[in-house]
Amino acid sequence: MKKARLLIFAAFLLVGAAIIALGMYIQDSESLPTIRFVCSAADDVEERIALYQDNEKYYAFLPSYADLKSTRIEYRAGCSLYLDGKYYNSDTDCSDLSTDKTYSMVIKNAVGMTVGSEKLVVKKAENIGTLAIHLTNGSLDEINADQSVSKKGYCSLIKANKKLDYSGRIDSLQGRGNTTWAQDKKPYTMQLSEEADLLGMGSSKTWVLLSNSFDESGLRNKLAYDAAKELGVKYAVNSEYVDLYVDNSYYGLFLLAEKVEVGENRVNITDLESKTKEINDAPLKTYSEYFDVLGDKTNRGFNIENNPDDITGGYLAQIEHHKHRIMERESIFHTDDLSFSLSSPKYASKEQISYISKQFKKCESKLKKDDLSMIDAESFVNYYFIQEFFANTDNCSFYICKDTDRKNGKLCACSIWDFDLSMGNSWRVSTVNPKTLYRCYDNWYEYLYRNEEFKQLVVEKYKEYKKSVQSSLFDRINEYGKKIARSFDMDKIRWRCSTNQDTRADESQKRFDTIDGHIERITDFMTKRISFLDSLWIKGNRYFRVGFASTEKIYPYKYRYSVLIRHRLHDYPNPECDDTIGYRFLGWYDENGNKFEEHMIIRHSAAYTARWEKIESPTVKPKTAVTTQTSKSFFERIAWRFKGKHKYFTIGFGIIGLSVVIFIFCDIRRHRKSRRYKNGLKH
């Protein structure tokens, strides 16, 4: 009898557990992943947008061309879907749905049982185009895992007015970038199977998708690129905003831009690489590498058999500041001060490397002597001005091109790039100062800016800019902000759980819930910036440069100030650190050991370095708060896991609980009967 009760009890437990498991299996593995919002555009273009899950909600991120009147919902056959109690099938349009509203989403199976109960929010972009990519030989996850991996596919580009701008094959979608590649939201290079004019930017095969990972606003690159075109920067890039979808999933707000490369619609100089290919039988990259060791520097190219008659151009070079990156480039050369890689020709011959390296070294030597004869001065002025005006703190992406001597053989600064860290944004926002110069100490501008002829050209350029187009800058900040507002909102939800993004939040940028906060911050910074440049370049006030720097290992800090001659520096860095870092801050000292004192009058330019005192036993903070938060997050995850499956858990746990109660009740009765029986025998 006892054995039978145990078997019955075990059977009830198994039934209850099976019902719970069934409820979890039915919802998680079958229903929700099949839901698609089907959006239609012109030319029979149709996209099936999958839902995105963020914590306790699901989101439908719809493109700007989507019309809710023609949008419908598809899902797994045999199920039925209800939003706030209304039934939706594949024939029901979404005209009665509202964006930004939270709906109760219920999915039932063929017998009417609820197999899914979640929250749904519909988001919809406005004003910008939609780039939908479908990969045919792999996934985006494979590309994200390895920057060298590329995948094929096809894409469609649809304007906000629903008109199809492009539809065709993709020969390659591949990761790109250096620091930005380490972020969760990654940038990509897209190569089409044939040249195409995307959104009116000129025909080309190769296009770049900038993720703007270091600029939450997404405004800075676009503002700088458009200003560069107005200003006349040589071969300034075109760019347009797009919402990116890959294999039916929304990937965020991106900036579709021209790649900086030699081409008729890009950097329009002589294509030396193509000319070299024409006179050689083997592919250029198959030739053995050539090395020319110059002390601690090495020029590198290829032992290519034949060279064109004229190897004086064209060349497209980029300054390389990081040793680990330059070693990854195919063709490299050096001057006394700088290192360069060649974007074109990418596979340069020994003779070409020898020629261009001598030209750059000769130019550098002349610049040190205030001789501008080897450069296109106007191009360098325009390039410098746009960098300094927007306070770009990233000095890495600097392109210089040289055409053949049969044309204009001078060196030209061209194609500005990478303005994520500008207009008040940097690796540490707290170190950004609108009232100082940033770029006149970088690269060759250290020599150029001390040249009075060059400096006067910069001043004239600033006056011209203020008179003609500066007033449009603030209008453009607001215009672009309003244009991408809806996509900004979608992108923030899509990427706000990014670990890399969150760990940078307090250090590298100010973060806002809406685009309005960014618009206000950029406007405020540029207002102060222009006021400072007016004082410097129009009023002619003289400034000293004062810098503060601290070791990265203790307290990472680097701050620049421009102080009016014989004035005090009222705002200076004061590291507020406790004993937990193992060091105590002693003060700022110059190279002669003189300490910077508060409110001292600045009589010359100076650089101060932090001094620290090591503490033997640094204080260790308790980890209670962290542990509590971790525990809370764990229980929240458990609660969310059970959410939406209440019917199955109610039935399952009800059966298990009832069986336990019955088992205990029967066991108590059995013990009572046994006790009465024993007592009866004793009497």
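A: Helix 12 covers residues 515–538, and its 24 residues, at 1.5 Å a residue, should span 34 Å, which agrees with the 33 Å between its end C-alpha atoms. The expected span here is 1.5 Å times one less than the number of residues, and helices (H or I, at least four residues) and strands (E, at least two) are DSSP runs numbered from the N terminus. Just after helix 12, Gly540 takes a positive phi of about 75 degrees.

This is a predicted model, in which local features need pLDDT of at least 70 and side-chain atom pairs count only at pLDDT 80 or more, while totals for chains, interfaces and linings use all residues. Residues are numbered from 1 along each chain as its sequence is written, and side-chain values use heavy atoms, with hydrogens and water left out.

Asp84, in the loop between strand 6 (80–83) and strand 7 (86–88), has a phi of about 50 degrees, and with 42% relative accessibility it counts as partly exposed. Asp370, in the loop between helix 6 and helix 7 (377–389), has a phi of about 65 degrees, and at 40% relative accessibility Asp370 is likewise counted as partly exposed. In these terms, buried means under 20% relative accessible area, exposed means over 50%, and partly exposed lies in between, with a 1.4 Å probe and protein chains only.

The backbone also holds cis peptide bonds. One runs from Gly313 to Gly314, with omega near 0 degrees, and Gly314 belongs to the loop between strand 18 (297–302) and strand 19 (315–319). Another joins Ser344 and Pro345, with omega about -5 degrees, and Pro345 is placed in the loop between strand 21 (339–344) and helix 6 (350–368).

Turning to the side chains, the structure holds 41 aromatic pairs. Rings of Phe, Tyr and Trp (its six-membered ring) pair if their centres lie within 6.5 Å, and planes under 30 degrees apart count as stacked, over 60 as edge-to-face and the rest as tilted. Among these pairs, Trp181 and Tyr188 are edge-to-face, with 6.5 Å from centre to centre and 90 degrees between the planes; Trp181 is buried at a relative accessible area of 12%, and Tyr188 is buried at 3%. The rings of Tyr245 and Tyr250 have centres 5.2 Å apart and planes at 55 degrees, so this pair is tilted; Tyr245 counts as buried at 2% relative accessibility, as does Tyr250 at 4%. One aromatic cluster is formed by Phe380, Tyr383, Tyr384, Phe398, Tyr445, Tyr449 and Phe454.

Helix 7 and helix 9 (residues 452–468) have axes that come within 10 Å and cross at roughly 60 degrees, where axes are lines fitted to C-alpha atoms, for helices over the stretch in contact, and angles run from 0 to 180 degrees between N-to-C directions. Helix 7 and helix 9 are therefore oblique to each other, since angles under 35 degrees count as roughly parallel, over 145 as roughly antiparallel, 65 to 115 as roughly perpendicular and the rest as oblique.

Finally, the charged end of Lys108 sits over the ring of Tyr82, 5.2 Å from its centre, and that of Arg494 sits over the ring of Trp495, 4.3 Å from its centre; this requires NZ of Lys or CZ of Arg within 6 Å of the ring centre and within 35 degrees of the ring normal.
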